[in-house]
Amino acid sequence: VTVTSVVQWSDVDVCVVVAVQTQTSGRSERMKGDEGMCGLGPWRPSWLQRFNSTKGFLVVYGLLGTIQAMSYIYFVATLTTLEKRFKIDSRTTGLMMSGNEISQVMLSLVLSYYGGQRNRPLWIAWGVACSATSCYILALPHFLYGPGEAALALTKEYIHTFNSSSISKEQAALCLREEEGTSKCEPSGGGEFSHIPALLVFLSQFVLGIGTTLYYALGQTYLDDNTKKSKTPLFLSLTMSLRTIGPAIGFIVGYGCLRIYIAPTLTPIITNKDPRWLGAWWLGWIILGTAMLLFALLMAMFPKKLQANKNKVNSVKNGDILTLETVRQTEKPVEFKNGISKEKLVEADDEKENLPTLKEFPSALSRLLRNKLLMANILAGVFYILGGSAYITFITKYLEIQFHQTAAGASFIIGPTAILSMTSGFLISGAVISKFKPRPLYLLSWNVIVGISFIAGEISFIFLSCEDSNMVGFRRGDQGLNLVDECNRDCGCGSLKFNPVCLEPAELTFYTACHAGCQQANYSITPITYTNCSCIPDSIAAIASINSGLRKDELTLKTGACRSNCYYNFIVFLAITMVMHSFGSSGKIGNMLVNYRAVDKVDKSFAQGLGLLMVSLFAFIPGPILFGAMIDSTCLVWDKTCGRRGNCWLYHKDNLRFILNVTAACLTLIGVLFDVLVCYLGRNLALYEDDDDEDSNKNSVNPSANGKSDMRPMPEKTEKSET
């Protein structure tokens, strides 16, 4: 079979191409053709090719981001439960979470450098498989150690089993004047104070970092390379909007799982408002891991490069007549050699030449480090994230402490507010940028305004909180606790853990029922109630007697700390948070465009990897550790078992609020200064230049005033191939 394809270009010729597909093209050529098709290995059915488009990839990539965001937020939502279960302090929590960032620091440059020039969807799929593995690792401590003795002792099935132990309900709750309560320090197999759960969490975060690196460094640049640059902001905003749904769903999943007792088959004798309640923190990881494996399979089906103008090109390959109008639409002549377009052959040769090598790695890294605009943009993001680490990592704990929300309630409330504000910011900013193409100076100046609004919001948080219910024995002056009084001196309360009870009419909180001098309890109802409490102040007992007619020994205390109603402050906090989320997400698109346009196309994935490395090294690793240490410094009551310190039960909320928010505002201010530098350096940055080139190509063949075609002279091209 002899195939001759002749393409002649002049200002009068009509272009006709007769394409005959050779039947003798070898197996290797068919494999090359399959590289641009969706599927796995030799399985590439025709019905699957309808998803071989930017929109198809956008949907899968966006939903995958949703699940990944769910996993991170689910970890944040269940963090306090994990700390209580295994007696972990906030500083250790920060160290555990740094595993994600450590793997990014170690691997982001290498993965982005090599993966950026290869089959990026396949590399992303392997990364997602690693993320799924991390979910299963994170659930492993529960299956190794179970719910723990303390949780089992608070169930109807195991009440009597633990009666003789140090966590006996009666000894932990009541004032036993006959003898001092003793605490037995027997080894426990529940994992408390063991290093293994913390190490497993660290390992899971380390493995998760591999998936996070590949998702960010390769996915967004793959999307940018397979779409028009003017549409990139819109597509990125859609992707991040889908990802934004993840935190909301993650918080809701956390809410649902934490309302289930840690041992779902057992019946707890306390409610989820009790500070000793432990939810089924491990359950969500099984669900998330399975979902990630499914999306890893879907991501692996995308080709190395999405098909562009596939309908027009396919019509040429099938032997159709290529008219002048079709040539205008495809913009480039299609030439064939042995049934394969010359453009595809040249593309394959270029890909082989452009594959990265280890020898070129130092020069590529040096090229990025000397890029002032790129580095200033990355450093701005570093300080914004570092300042927001307290809210990113410890938001559930913050709401529990400052606004008296339960772990499940905090997760449920913060989710919808985040999704509404961030999604609106992403979609509006993406649509505006794609449609109006604002000048770089205007686009980058908006990030400065966003940073200033963040500082204002963080300063306002200093003044927003719920008033503390009165903790009996708490001294505000020296931030100490004086729990022993004449009324409970002989009760043997010295070794008891924090288990607050509330006298609701007076909003008085006692450290335990024993410290309240209570000698009777009703365990048959939920929550548990206590009576005959000798430490209730006489003045309060007199007022209660007038109002209810009850004597002092008849007044009832309930399990759990008293919670004051401060819905106004909480709603104001949520409103400010929504505004900050919306502003922050609206500036994210411009920040990402700078990273893409400030470097050459070949360096885009590598620049993303460098950004991940710097953000991880200077923000995500030190941030949780720094703010975790600050939170621990405000602790008033530590859990102590056998002389070993565990998690914190009670914080000085005013000091915590001031230290966290002032530190966050100062770090954000540094980020704003770097954004000002980005505005100056990037004021003339070409953000949409390829669209300008495309317009000029289209204008090369324009209808003249008299309606006739006016074609610019182009060289004659003749291509022959014989078999």
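# Reading disulfides and helix contacts

Q: How do I read burial: is cysteine 533 buried or exposed?
A: Burial goes by relative accessible area: buried is under 20%, exposed is over 50%, and partly exposed lies in between (1.4 Å probe, protein chains only). Cysteine 533 has 2% relative accessibility, so it counts as buried. Keep in mind that this is a predicted model, where local features need pLDDT of at least 70, side-chain atom pairs need 80 or more, and totals for chains, interfaces and linings use all residues. Residues are numbered from 1 along each chain as its sequence is written, and side-chain values use heavy atoms, with hydrogens and water left out.

Q: Which cysteine does cysteine 533 pair with in a disulfide?
A: You call a disulfide when two cysteine sulfur atoms sit within 2.5 Å. Here the partner is cysteine 518, at an S to S distance of 1.9 Å. The link is right-handed, with 100 degrees about the S-S bond. Strands here are DSSP runs of E, at least two residues, and helices are runs of H or I, at least four, numbered from the N terminus. Cysteine 518 has a relative accessible area of 0%, so it is buried.

Q: How many disulfides does a search of the whole structure find?
A: The search turns up 3. One of them joins cysteine 487 and cysteine 535, with the sulfur atoms 1.9 Å apart. Its torsion is 110 degrees about the S-S bond, and the link is right-handed. This pair connects distant parts of the chain, 48 residues apart: cysteine 487 is in the loop between β6 (480-481) and β7 (501-503), and cysteine 535 is in the loop between β10 (529-533) and α19 (538-548). Both cysteine 487 and cysteine 535 are buried.

Q: What about cysteine 635 and cysteine 648?
A: They form a disulfide too, with sulfur atoms 2.0 Å apart. The torsion about that S-S bond is about 100 degrees, so this disulfide is right-handed. Cysteine 635 belongs to strand β12 (residues 635-641) and cysteine 648 to strand β13 (residues 644-651), so the link ties together parts 13 residues apart in sequence. Cysteine 635 counts as buried at 13% relative accessibility, and cysteine 648 does so at 11%.

Q: How do helix α2 and helix α8 cross?
A: You compare axes, which are lines fitted to C-alpha atoms over the stretch in contact, with angles from 0 to 180 degrees between N-to-C directions. The axes of α2 (residues 54-77) and α8 (residues 195-225) come within 11 Å and cross at roughly 155 degrees. The two helices are therefore roughly antiparallel (under 35 degrees is roughly parallel, over 145 roughly antiparallel, 65 to 115 roughly perpendicular, the rest oblique). The contact residues divide into 10 nonpolar, 8 polar and no charged.

Q: And how do α8 and α9 cross?
A: The axes of α8 and helix α9 (residues 232-258) come within 10 Å and cross at roughly 140 degrees. α8 and α9 are therefore oblique to each other. The contact includes Tyr215, Tyr216 and Asp224 of α8, along with Phe235, Leu236 and Arg243 of α9.

Note on methods. Nonpolar A, V, L, I, M, F, W, Y, C, P; charged D, E, K, R; others polar. Contact = heavy atoms within 4.5 Å.
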